[in-house]
Amino acid sequence: MRRLEGLMELAGSDEFKSLNIGFMLDEGQASTSEKFRVFFADRLVWRLIIKAFGMPGHGSRMFDNSAMENLMKSVEILTKYREGHFDLVKAGLAVNSEGESCVYESWYSFAYEAEAGFDIRIPPAVDPELLIKRIVNEWEPHYRNMTYETTWGVLMMTATDDTNAWWGVFEKAIISAGGTLSKPEILASSTDARNIRELGIPTFGFSPMTNTPILLHEHIEYLEETVYLRGIKIYESVIKALSSFEGGNHEST
């Protein structure tokens, strides 16, 4: 089910509000080490569409500033922007979730108009206003007959310290089950957790899978039997602790 028809719609319903939810767990990622990973935020998703206008061109004639020519200039700039952030990750100067990513989603060209769609993910440390200025000044300047449209959500984070009572309960439940948590992280991808955080409900991304390669979206995802069975025990401890806790509130996000 697509996100717009799934939890986003459910989260805004009276039925969801009537559940009086104080805390939620969503999916996380596998850990390649012995420590469990936990995520307190997702990168913000930006859907960007850049449109260019100009002469349509023809095989028998040549025009300056055609729609596709104007669009390709922006695509080249965006490609360099992506490469710059990817180089930081490859050099070990930033982890994947701390960088900004950008991929092409769609192309469209017809006569006087051409457009390209991009999927951009930004971490909490990036100021959205600065990104908008970059879009306006570099990626789609008006002097090249270009426009843009973009949509994005609200970036929310769940506290992982003493200001969030749920964090202490969650951490103790992991320890009591014989597990250890790694440093809390920002999830490089996006999950339904962002819809819940927007409501002010503390939400962590967590999947009890240690010593396991990260294979999400691969064609051969798998879990070792011992990892699977241990994960059940971890969930038993976590669910028991969280479901019996009565001291939480929504103000810790």
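**Entry 1: the annotated residue.** I began with the UniProt record, an unreviewed entry, which places the feature "binding site" at His 217; such annotations may be inferred rather than shown by experiment. The model I consulted is predicted, with local features needing pLDDT of at least 70 and side-chain atom pairs counting only at pLDDT 80 or more, while totals for chains, interfaces and linings use all residues. Residues are numbered from 1 along each chain as its sequence is written, and side-chain values use heavy atoms, leaving out hydrogens and water.

I located His 217 in the loop between strand S8 (203-206) and H7. Helices (H or I, at least four residues) and strands (E, at least two) are DSSP runs, numbered from the N terminus. His 217 is exposed, with a relative accessible area of 76% (exposed is over 50%, with a 1.4 Å probe and protein chains only).

**Entry 2: H5 against H7.** I then turned to helix H7 (residues 225-243), which packs with helix H5 (residues 165-176) at about 145°, the axes being 8 Å apart. Axes are lines fitted to C-alpha atoms over the stretch in contact, and angles run from 0 to 180 degrees between N-to-C directions. From H5, Trp 166 and Phe 170 are among the residues that meet H7, whose side includes Ile 234 and Leu 242; contact means heavy atoms within 4.5 Å.

**Entry 3: H3 against H4.** Helix H3 (residues 67-90) and helix H4 (residues 128-139) pack at about 140°, with axes 10 Å apart. I recorded Ser 74, Ile 77, Leu 78 and Tyr 81 of H3 in contact with Leu 131, Arg 134, Glu 138 and Trp 139 of H4. This contact divides into 5 nonpolar, 1 polar and 2 charged residues.

Note on methods
Ala, Val, Leu, Ile, Met, Phe, Trp, Tyr, Cys and Pro count as nonpolar, Asp, Glu, Lys and Arg as charged, and the others, Gly among them, as polar. Buried means under 20% relative accessible area, exposed over 50%, partly exposed in between (1.4 Å probe, protein chains only).
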